[in-house]
Amino acid sequence: MDIAERYHALDAQVYPWFEAQWQRVVKLHDSQHLPHALLINGMPGLGKQAFAEALAGYVICHQPRDGRACGQCRSCQLLNSSGHPDLYFLAPSDSGKAIKVDQIRELSDFMHSTAQQGGYRVVILNPAEAMNTSAANALLKTLEEPGNDVLLILITHQLGQVMPTIKSRCQRVDCHPPQLAQATQWMVEHLELSEEEAAQLLDVVHGAPLAAIEFKEAGHRALRGKFLVALKELLQDKSTPFEVAASFHKEDVEALLSWLQGLLADVSRIKVGGAAAPIRNRDVQKMLNSVAKYTSKDRIFTLVDTVQQERLGVARRQNPNKQLMLERILIDWRDLVRTE
Ligand SMILES: [Zn+2]
């Protein structure tokens, strides 16, 4: 396999809820007791892949400091830029598919070669349960004679589906969801959520913070799609500002306003640069072109100002009636293209 295909940008992070596991593997490594194979086990959405990548970075680093990779040496530089020749990522070729025996054979070649930067060679295989039987059997052979200075990090989200023979040859690192208080605090700090929102979101995803981020993003994508349709229908008089405000005011209004702000910025770009102007919201280019065509710069700027003000108000929790505020903004949006 081409080396470039094996790389991806490193996301090496030890989330605070993995600190105990991290200390344990670092201690094993520093006392030269790190086994050849680790099986990182836990539910999805905890950050196990990032943990594995951080560990790979740590053992590959030439001069780790204070239990972390130095970030400066040649190895760290490679890891953080184009990729490191001694780190091998293995995953199904399509997500949801099996890891096949041919993939394991290529992996064995890598494991039995010599490290190009001197030191460890590391494999991150994710997820272990995706190996079909022949792939798992081929990996077993590799595990019996792993070669020197090789670390194989297997990640599993479903321990029950990993072959027992594989399990028995790996040292397990069990990862649990963080305590609610720790997870909540982390989410409040990193996602600009209130404690209550964070706790609610964590509930939905069984306490896995990264799954909560994904869930929130997926929800936002869907909400944006619905909002864009509603904006278009307003311009076409298929609905009224009152109706749209009524159906959206309980959603993430701050996000709605920020999207609207982005759309208006695009409209002014088109107004200035014509239909060929580079815009951000290309999925609604047609709508934006037609708004730009029928509106004036003054109307756009007035609405941009209003949206900006109201957005600030939402962030500071100063809007007593979000539905009414949204309705007023939507009237202005619709009126962008109305002739007096
Ligand atoms: Zn380093």
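This is a predicted model: local features need pLDDT of at least 70, side-chain atom pairs count only at pLDDT 80 or more; totals for chains, interfaces and linings use all residues.
**A first walk through the chain**

Now to the inside of the protein. The largest nonpolar core has 46 residues, and W22, V59, V122, I124, L151 and M187 are the ones that touch the most other members. Which helix gives this core its largest share? That is helix α3, residues 48-60, with nine residues. Setting aside residues up to four places away in sequence, V122 touches A56, V59, I60, D86, L87, Y88, F110, L151 and I153. There is also a second, separate core, made of 36 residues, with L260, L288, I329 and W333 among them.

Next, the metal site. Which residues hold the zinc ion? The SG atoms of C61, C70, C73 and C76 coordinate the zinc ion, at 2.3 to 2.4 Å. The angles among the four donor atoms run from 104 to 116°, and the site is tetrahedral. Along the sequence, the donor residues follow the spacing C-x8-C-x2-C-x2-C. Take C61 and C73 as a pair: both are in the loop between α3 and α4, twelve residues apart. Are they buried or exposed? C61 is buried, and C73 is buried too.

Helix α5 covers residues 101-111, and its buried residues are V101, Q103, I104, L107, S108, F110 and M111. Around the axis they cover an arc of only 160°, so they sit on the same side of α5. R105 and D109 are exposed on the other side of α5.

Helix α9, residues 195-204, has A198, L201 and L202 as its buried residues. Why do we say that they line one face of the helix? Seen down the axis of α9, they fall within an arc of 100°, so one face holds them. What do they pack against? Their partners are α8, residues 180-191, and α10, residues 209-235. The face of α9 turned away from the buried side carries the exposed residues E196 and D203. After α9 comes H206, with a positive phi near 55°.

Q32 is not a glycine, yet its phi is positive, about 55°. You will find Q32 in the loop between α2 and β1, and at 71% relative accessibility Q32 counts as exposed. D237 is another residue other than glycine with a positive phi, in this case near 60°. D237 belongs to the loop between α10 and α11. Where is there a cis peptide bond? The bond from N126 to P127 is cis, with omega near -5°. P127 is in the loop between β3 and α6.

- N41 lies in strand β1, residues 37-41. At 13% relative accessibility, N41 counts as buried. Neighbours within four places in sequence aside, N41 is in contact with K48, T156, L159, R172, V173, D174 and C175.
- A115 is in the loop between α5 and β3. Its contacts, again leaving aside neighbours within four places in sequence, are D86, Y120 and R121. The C-alpha atoms of A115 and F89 are 15 Å apart, and the two residues are separated by 26 residues along the chain.
- A315 is in helix α14, residues 297-315. A315 is exposed, with a relative accessible area of 54%. From A315 to V291 it is 24 residues in sequence and 28 Å in space, C-alpha to C-alpha.

Terms used: Residues are numbered from 1 along each chain as its sequence is written. Side-chain values use heavy atoms; hydrogens and water are left out. A nonpolar core is a set of buried Ala, Val, Leu, Ile, Met, Phe, Trp, Tyr and Cys residues joined through side-chain atoms within 4.5 Å. Buried means under 20% relative accessible area, exposed over 50%, partly exposed in between (1.4 Å probe, protein chains only). Helices (H or I, at least four residues) and strands (E, at least two) are DSSP runs, numbered from the N terminus. Contact means heavy atoms within 4.5 Å. Donors are N, O and S atoms within 2.8 Å of the metal (3.2 Å for Na, K and Ca); water is not among the atoms, so sites may look incomplete. Four donors count as tetrahedral if all angles lie between 85 and 135 degrees; four count as square planar and six as octahedral if opposite donors are over 155 degrees apart and all others between 65 and 115; anything else is irregular. The arc is that of the directions from the helix axis to the C-beta atoms.
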